[in-house]
Amino acid sequence: MYDYDLLVVGSANADLVIDVERRPAAGETVLGGDLAVHPGGKGANQAVAAARLGARTALLARVGEDGHGGLLLESLRAAGVETAGVLEGGAPTGVALITVDPSGDNSIVVSPGANGRLAPGDVRDSAALLHASRVVSTQLEIPLETVAEVVRNLAPGSRFVLNPSPPRPLPPEILTACDPLIVNEHEARVILGADRTGGDPEDWARLLLAEGPRSVVVTLGAEGALVCDGSGTARVPSVAVDAVDTTGAGDAFTAALAWKLGTGAELPDAAAYAARVGAVAVTRRGAQESYPTAGEVEAL
C-alpha cells in the first residue's frame, strides 16, 4: 500500500512575472506592467496541480531560508501537498523571471538557487518517501545526478515519469526508466538531435521510444499531444479555449498524466485527461493559481 499517489522530486521557485506588449529583442528595453510574485518551479507546480485534482501528493525539493521559500511552503500546504520532504537552506530560493505577451506566450529565465543544491544524498536520505509513492515525477531544474539517484532509489513496482525541461542529453540509466518520457518539440530536438527530428511527430516519438523509454508523450500545443508505446502511436486532441497565460500549463499536464497513470488509466486516456487540465490552466493567470480542481476539469 502506498502512502502517496505521486511524489514529485524537483524545483521550487518564486515566479517574478511582468506583462509586456512584446518581448524584447537583443539589446532592447521594453516597458511592462506591475511586477507580480507567484509560487512556481516545475516541481512545486506539479505537486500543487496533482494535489488540487485530489491526488495524495508529496514534494522532495529544496528552498532557501527566505521570504520566497516561505511563500512556496505556504502555497504547497494550502493545496494539500505533504512538505516534509521540502528541505531548507544551502542557497537562496530559486527565482524565475517571466515575461508574458498579450497572446499568453511567455519567455522564462531561471536562477536555480537552492534547486541546484538538491543533491543525491538528499534523495538517499528520503528513501522512505520514495518507497511510499506509487508514481515519482521529476524534471531537469535540479541536478541531473540527483535525477539519476531518484531512478536508483525507486520502489519496486512504482512508475517513473520525466519531463526533461530544460532539456539536455540523457544517459541510458534515466531514459530506460521513463514511463513515460514527456517532451515538447524543442525538448525532442535536444534529446534526439536536430538532424533526427525531421518528418512528423510520430517519427520523433518512435525514435525517442527506441532510445529506451517504456513510453513517450509528445505535447504539441494547440494540436494536442501524441502518445507512443510498444502498442503503437495515437493522437490526443487538444481542447479549444481562449488562452490567457501559458505559464505552468505543461506542469499541470504532466502532473495530471502522472496521477492518472498511477490510478491505472491507459496512456491515451491519461493524456486526454491531462490535456483538459492544461486547457483549464491556460485560461487563468499565473501557474499554481491557475490549476483546477477535478470538478472544474469535469465541467470543461
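Helix 10 first: I count it as largely enclosed by the rest of the structure, because 11 of its 15 residues are buried (buried means under 20% relative accessible area, exposed over 50%, partly exposed in between, with a 1.4 Å probe and protein chains only). The model is predicted, so I note that local features need pLDDT of at least 70 and side-chain atom pairs pLDDT 80 or more, while totals for chains, interfaces and linings use all residues. Residues are numbered from 1 along each chain as its sequence is written, and side-chain values use heavy atoms, with hydrogens and water left out.

Next I looked up the helix span. Helix 10 covers residues 267-281 and reaches 21 Å from first C-alpha to last, close to the 21 Å expected (1.5 Å times one less than the number of residues; helices are DSSP runs of H or I, at least four residues, numbered from the N terminus). Among its buried residues I list Leu267, Tyr273, Val277 and Val280.

Then the rings. I get 1 aromatic pair (ring centres of Phe, Tyr or the six-membered ring of Trp within 6.5 Å; planes under 30 degrees apart are stacked, over 60 edge-to-face, the rest tilted). Trp259 and Tyr273 make up that edge-to-face pair, at 6.3 Å centre to centre and 65° between planes. Trp259 belongs to helix 9 (residues 249-262) and Tyr273 to helix 10, 14 residues apart.

How buried are the two partners? Trp259 has a relative accessible area of 12%, and Tyr273 has 9%.

Last, Lys260. Its charged end sits over the ring of Tyr273, 4.5 Å from the centre (the rule wants NZ of Lys or CZ of Arg within 6 Å of the ring centre and within 35 degrees of the ring normal). Lys260 also lies over the face of Trp259, 5.0 Å from the ring centre.

Definitions and conventions: Helices (H or I, at least four residues) and strands (E, at least two) are DSSP runs, numbered from the N terminus.
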